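Open the model in your viewer and keep the sequence panel beside it. The tour goes from one selection to the next and says what is found at each stop.

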Amino acid sequence: TSVIQFELVMGCGTSFGSSSSYRVVLQYSTNFGSSWSNVLPYCSISTRSCMKGVGTDFDWNMFPSWRRVTLHLPSAVLKSQVRFRWYQASFTSTTTWALR
């Protein structure tokens, strides 16, 4: 099993608002960035097929301080030439986030 691990902090205590476009999403590409897919589909607590809200769409209210994320990578991601990115569809001057 392959995993990806990183630490994420979002907002520095400032609300991003409720728009889903402010989420930070972990995506991958197997064609040098021509197209991108989410590593795991969006998963909310209310989605029965999900386990405890684990997905690769990250909401600001879950990461007000540094928090480690460890994800098991699905087989579709395990290619010899894969690129990862963290993507935010919309942002403002208060939608700050960082990785380490």
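**Stop 1: Glu7 and its surroundings**

Select Glu7 and show its neighbours: leaving aside residues up to four places away in sequence, Glu7 touches Trp66, Arg67, Arg68, Ala98, Leu99 and Arg100, where contact means heavy atoms within 4.5 Å. The model is a predicted one, in which local features need pLDDT of at least 70 and side-chain atom pairs count only at pLDDT 80 or more, while totals for chains, interfaces and linings use all residues. Residues are numbered from 1 along each chain as its sequence is written, and side-chain values use heavy atoms, with hydrogens and water left out.

Glu7 sits in strand β1; strands (E, at least two residues) and helices (H or I, at least four) are DSSP runs, numbered from the N terminus. Is Glu7 buried or exposed? Glu7 is buried, with a relative accessible area of 17%; buried means under 20%, exposed over 50% and partly exposed in between, with a 1.4 Å probe and protein chains only.

**Stop 2: the two arginines at Glu7**

Arg68 forms a salt bridge with Glu7, the closest N and O atoms being 3.2 Å apart. The two residues come from distant parts of the chain, Arg68 from strand β5 (residues 67-72) and Glu7 from strand β1 (residues 3-10), 61 residues apart. A salt bridge here is a side-chain nitrogen of Lys or Arg within 4 Å of a carboxyl oxygen of Asp or Glu.

Arg100 is exposed, at 59% relative accessibility. With Glu7, Arg68 and Arg100 all displayed, you have a network of salt bridges.

**Stop 3: the sheet**

Switch to cartoon and select β5, β1 and β7. These three strands form an open, antiparallel sheet in the order β5-β1-β7, where two strands pair if DSSP finds at least two bridges between them. The edge strands, β5 and β7, each pair on one side only. From one strand to the next the twist averages 30°, taken between axes that are lines fitted to C-alpha atoms, with angles from 0 to 180 degrees between N-to-C directions. Between β1 and β7 there are three bridges.

Select Phe6, Leu26, Val39, Phe58 and Leu71. Of the 15 residues in the largest nonpolar core, these touch the most other members; such a core is a set of buried Ala, Val, Leu, Ile, Met, Phe, Trp, Tyr and Cys residues joined through side-chain atoms within 4.5 Å. Two or more residues each come from β1, β2 and β5, and the largest share, four residues, comes from β1. Centre on Phe58, whose contacts beyond four places in sequence include Phe6, Leu8, Met10, Arg23 and Val24.

**Stop 4: Asp59 and Arg23**

Move to Asp59, whose side chain meets that of Arg23 in a salt bridge (2.8 Å, N to O). Asp59 lies in the loop between β4 (57-58) and β5 and Arg23 in the loop between β1 and β2 (24-29), so the pair ties together parts 36 residues apart in sequence. Asp59 is partly exposed, with a relative accessible area of 21%, and Arg23 counts as buried at 17%.
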